[in-house]
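Open the model in your viewer and keep the selection panel at hand. This tour goes stop by stop.

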Amino acid sequence: MKTRYEKGSFKTEARIGTSASQKNMSNLIAEIHTHARRIEIDSLDWLTKGLAGKEEGRNLIEIEYVNSEFNRNTKIFDLFVNVRVGIFNRRFNNIKISMLMNYENDLNGLPFISIKLNQPNFLLKEIEGTLSIDKTHFVIRTSVQFGWFFNLFISMSNYNAVAEWRIQTVLKNMKETVESRL
């Protein structure tokens, strides 16, 4: 995993190799998109296994999933979360994170999911990301810029505690799931 801080944004690329075929990897990405689009979040429990929070992240920012909605016409995915900021002992409830979510194929015909923040809020100023396949690897690329309040105390080590390990956990869960289906 590589993360760099550039012009106010944390830019991360993470990848994990798998012994699964590209067809099985493609099917898994399609499954993630289908369940997210249909708001069948419980069907994705395997994807989010282990994301309850590790101690460092929990003390800084704790994120709790509340609900989500997907508009098929606009391709807007609204995610609602509660956020607790540990160092201030402050809780923000039902924060709406509105993202444009697309499912496409790359030049090699492999599927990828892309997201882009649709409406900035006090938590996030900008977010873009992709979930894709590169030969035998699942790849997640993200660019995150926090809102001014959160940007004040999110250092590289804080970002690692809050975000990087979550990205790596999702990739590990994807690898385990696709390989268990061989």
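## Stop 1: strands 2 and 8

Select threonine 12 and look across to strand 8, where threonine 142 is its bridge partner. The model on screen is predicted. Now widen the selection to residues 9-17, which make up strand 2. Strand 2 pairs with strand 8 over eight bridges, in the antiparallel sense.

Stay on strand 8, residues 137-146, and pick glutamine 145. Is glutamine 145 buried or exposed? Its relative accessibility is 14%, so glutamine 145 counts as buried. The cut-off for buried is under 20%. Show the contacts of glutamine 145: leaving out residues up to four places away in sequence, they are Lys7, Gly8, Ser9, Leu124, Lys125 and Glu126.

## Stop 2

In what order do the eight strands lie? The order is 1-2-8-7-6-5-4-3, in an open sheet with antiparallel pairing. Colour the two edges next: strand 1 (2-6) and strand 3 (61-71), each of which pairs on one side only. From one strand to the next, the twist averages 20 degrees.

## Stop 3

Select strand 1 with strand 2. Five bridges join this antiparallel pair. Lysine 2 has glutamate 13 of strand 2 as its bridge partner. Follow the chain into the hairpin, where two residues separate strand 1 from strand 2. Lysine 7 sits in that turn, with a positive phi of about 50 degrees.

## Stop 4

Go to strand 7 and strand 8. Their antiparallel pairing runs over 10 bridges. Pick glutamate 128: serine 143 of strand 8 stands opposite. How many residues lie between the strands in the hairpin of strand 7 and strand 8? There are two, and lysine 135 in this hairpin takes a positive phi near 60 degrees.

Select strand 6 together with strand 7. They run antiparallel and are joined by four bridges. The hairpin that connects them passes through four residues.

## Stop 5

Move on to strand 5 and strand 6, an antiparallel pair with eight bridges. Asparagine 102 faces serine 114, which stands opposite in strand 6. Their hairpin has five residues between the strands. Select glycine 109 there to find a positive phi near 85 degrees.

Then take strand 4 with strand 5. Nine bridges join these antiparallel strands. Aspartate 78 has its bridge partner in strand 5, serine 98. Four residues separate the two strands in their hairpin, and asparagine 89 in the turn has a positive phi of about 50 degrees.

Why does valine 85 count as buried? Its relative accessibility is 0%, and buried means under 20%. Beyond residues up to four places away in sequence, valine 85 touches Leu60, Arg90, Phe92, Phe150 and Phe153. Draw a C-alpha to C-alpha distance from valine 85 to isoleucine 63: it is 9.0 Å, for residues 22 apart in sequence.

## Stop 2: the helices across the strands

Select helix 1, residues 22-37. Helix 1 lies across strands 3, 4, 5, 6, 7 and 8, and runs at about 145 degrees to strand 7.

Next comes helix 5, residues 156-180. Which strands does helix 5 lie across? They are strands 1, 2, 3, 7 and 8, with helix 5 running at about 25 degrees to strand 2.

Pick threonine 169 in helix 5. With 16% relative accessibility, threonine 169 counts as buried. Leaving out residues up to four places away in sequence, threonine 169 touches Lys49, Gly50 and Leu51.

## Stop 3: the largest pocket

Finish with a surface view of the largest pocket. How much space lies in it? About 1500 Å³. Select Leu51, Leu79, Met99, Ile115 and Val170, the lining residues nearest the centre of the pocket. The lining has 44 residues in total. Colour the lining by class: 31 residues are nonpolar, eight are polar and five are charged. Leu51 is a link back to the previous stop, as one of the contacts of threonine 169.

Note on methods: Residues numbered from 1 in each chain as written. Predicted model: local features only at pLDDT ≥ 70, side-chain atom pairs only at ≥ 80, totals over all residues. Heavy atoms only, no water. Buried < 20%, exposed > 50% of the residue type's maximum accessible area, 1.4 Å probe, protein only. Contact = heavy atoms within 4.5 Å. Pairing = 2+ DSSP bridges. Axes fitted to C-alpha atoms, helices over the stretch in contact; angles between N-to-C directions. 1 Å grid on protein atoms, 1.4 Å probe; cavity = no way out; pocket = protein on both sides within 12 Å on 5 of 7 lines; lining within 4 Å. Points joined across faces, edges and corners; volume = space filled by probe spheres on them. Nonpolar A, V, L, I, M, F, W, Y, C, P; charged D, E, K, R; others polar.
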